Amino acid sequence: MPNKARGIKIGVILTETYVTFHIKRRTPMVTETHFQKELVELKDNLLKMAAMVEEAIRDSVQSLVKRDSELAQKTFEFEDRINKMEITIDDMCLKLLALRQPMAVDLRFITSAMKIITDLERMGDQAVNISERAILLNQEPQLKPYIDLPRMAEIAQSMVKDVLDAFVNRDSKLARSVCQRDDVVDGLNDQVVRELLTYMMSDPKTIPRAVHLIIVSRCLERIADHATNIAEDVIFMVDAVVIKHHADEKKEE
């Protein structure tokens, strides 16, 4: 009888040990899988926000080039959706940081996402500014052929597209190429401003229209700056290297 009872006790102990071991081995795997799903959801929402921003930029520029004020109005509809998406994504990031305590590349991904949505939201604001100027300019005779502004817009839009591809594919090389294109946009902005200043000096009546166009050029230049900021965040996320303010070069020195 004692042996039999002891056998039952041992069996129970073994069973409890197995169950405990089984739970300890499986629970982290389930948690990790759920965490990965949350990261995918975060990425999907960020890409949805980016798509809205890209469309807002494209519509704002086209509303100026095609003198289509109705298209400019469409940009205003995007602004509210972009702002709401920023709040949603920021909330997701904060919850992931608080509840999951991510490390290494996952931590860099989440903190980079929080910075990226700020730049995307500001790009949306710049698109709205362009649309507002387009509506005013469309009511007046066109001051000059739009040559440099569409070119600036094309480069800025390609920067936005490529930096988001770099983010999705974790491609730091593509992100660095985006940073290099920022200088091209800066150069075009300076060129546009110089040309418009000559219009204003030769004929004061052109000043209001010229000022609106200078603001449009400045908005496009700022969009390129925000794309560069995102590129720097992508490089940090992938390579764990900070290149803002040439920090990587100073570190090597």
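**Exercise 1. Ala 227**

Task: Work out whether Ala 227 is buried or exposed in this predicted model, and find which residues it is in contact with beyond its neighbours within four places in sequence.

Solution: 
- Step 1, accessibility. Ala 227 has a relative accessible area of 0%, so it is buried.
- Step 2, location. Ala 227 belongs to helix H6.
- Step 3, contacts. With neighbours within four places in sequence left out, Ala 227 is in contact with Met 123, Met 159, Val 160, Val 163 and Val 178.
- Step 4, a distance to check. From C-alpha to C-alpha, Ala 227 and Ser 158 are 9.6 Å apart in space, and 69 residues apart in sequence.

**Exercise 2. The chain as a whole**

Task: Say how many helices and strands the protein chain has, and what share of its residues is buried.

Solution: 
- Step 1, count the elements. The protein chain has 7 helices and 0 strands.
- Step 2, read them in order. Along the sequence the pattern is α-α-α-α-α-α-α.
- Step 3, burial. Of the 253 residues in the protein chain, 40% are buried.
- Step 4, contact range. Take the contacts with a separation of 6 or more: residues 24 or more positions apart account for 81% of them.

**Exercise 3. H5 against H6**

Task: Find how helix H5 and helix H6 cross, and what classes of residue make up their contact.

Solution: 
- Step 1, the axes. H5 covers residues 172-202 and H6 covers residues 207-239; their axes come within 9 Å and cross at roughly 170°.
- Step 2, direction. An angle over 145 degrees counts as roughly antiparallel, and therefore H5 is roughly antiparallel to H6.
- Step 3, handedness. The crossing of H5 with H6 is left-handed.
- Step 4, composition. Sorted by class, the contact of H5 with H6 has 20 nonpolar, 4 polar and 8 charged residues.
- Step 5, a residue of H5. Met 200 lies in helix H5, and its relative accessible area of 14% makes it buried.
- Step 6, what Met 200 touches. Leaving out residues up to four places away in sequence, Met 200 touches Thr 206, Ile 207, Ala 210, Val 211 and Ile 214.
- Step 7, a residue of H6. Glu 232 sits in helix H6 and counts as buried, at 14% relative accessibility. Beyond its neighbours within four places in sequence, Glu 232 is in contact with Cys 179, Ile 243 and Lys 244.

**Exercise 4. H2 against H3**

Solution: 
- Step 1, the axes. Helix H2 (residues 69-100) and H3 have axes that come within 9 Å and cross at roughly 165°.
- Step 2, direction. That angle makes H2 roughly antiparallel to H3.
- Step 3, handedness. H2 passes H3 in a crossing that is left-handed.
- Step 4, composition. The contact of H2 with H3 divides into 16 nonpolar, 7 polar and 6 charged residues.
- Step 5, zoom in on Glu 86. You'll find Glu 86 in helix H2. Setting aside residues up to four places away in sequence, Glu 86 touches Met 49, Ile 117, Thr 118 and Glu 121. The C-alpha atoms of Glu 86 and Met 114 are 8.8 Å apart, and the two residues are 28 residues apart along the chain.

**Exercise 5. The aromatic pair**

Task: Which parts of the chain does the pair of Phe 109 and Phe 167 link?

Solution: 
- Step 1, count. There is 1 aromatic pair.
- Step 2, geometry. Phe 109 and Phe 167 make a stacked pair, with 5.5 Å centre to centre and 15° between the planes.
- Step 3, location. Phe 109 is in helix H3 (residues 104-137) and Phe 167 is in helix H4 (residues 148-169), so the pair links distant parts of the chain, 58 residues apart.
- Step 4, burial. Phe 109 is buried at 3% relative accessibility, and Phe 167 is buried at 2%.

**Exercise 6. Positive phi**

Task: Where is Arg 170 found, and where is Ala 240 found?

Solution: 
- Step 1, the background. Most residues other than glycine have a negative phi.
- Step 2, Arg 170. Its phi is positive, near 50°. Arg 170 is in the loop between H4 and H5 and is partly exposed, with a relative accessible area of 35%.
- Step 3, Ala 240. Its phi is positive too, about 55°. Ala 240 is in the loop between H6 and helix H7 (247-252), and counts as partly exposed at 46% relative accessibility.

Technical notes:
Residues are numbered from 1 along each chain as its sequence is written. This is a predicted model: local features need pLDDT of at least 70, side-chain atom pairs count only at pLDDT 80 or more; totals for chains, interfaces and linings use all residues. Side-chain values use heavy atoms; hydrogens and water are left out. Axes are lines fitted to C-alpha atoms, for helices over the stretch in contact, and angles run from 0 to 180 degrees between N-to-C directions. Helices (H or I, at least four residues) and strands (E, at least two) are DSSP runs, numbered from the N terminus. Angles under 35 degrees count as roughly parallel, over 145 as roughly antiparallel, 65 to 115 as roughly perpendicular and the rest as oblique. A crossing is left-handed if the near helix is turned anticlockwise from the far one by less than a right angle, and right-handed if clockwise. Ala, Val, Leu, Ile, Met, Phe, Trp, Tyr, Cys and Pro count as nonpolar, Asp, Glu, Lys and Arg as charged, and the others, Gly among them, as polar. Buried means under 20% relative accessible area, exposed over 50%, partly exposed in between (1.4 Å probe, protein chains only). Contact means heavy atoms within 4.5 Å. Rings of Phe, Tyr and Trp (its six-membered ring) pair if their centres lie within 6.5 Å; planes under 30 degrees apart count as stacked, over 60 as edge-to-face and the rest as tilted.
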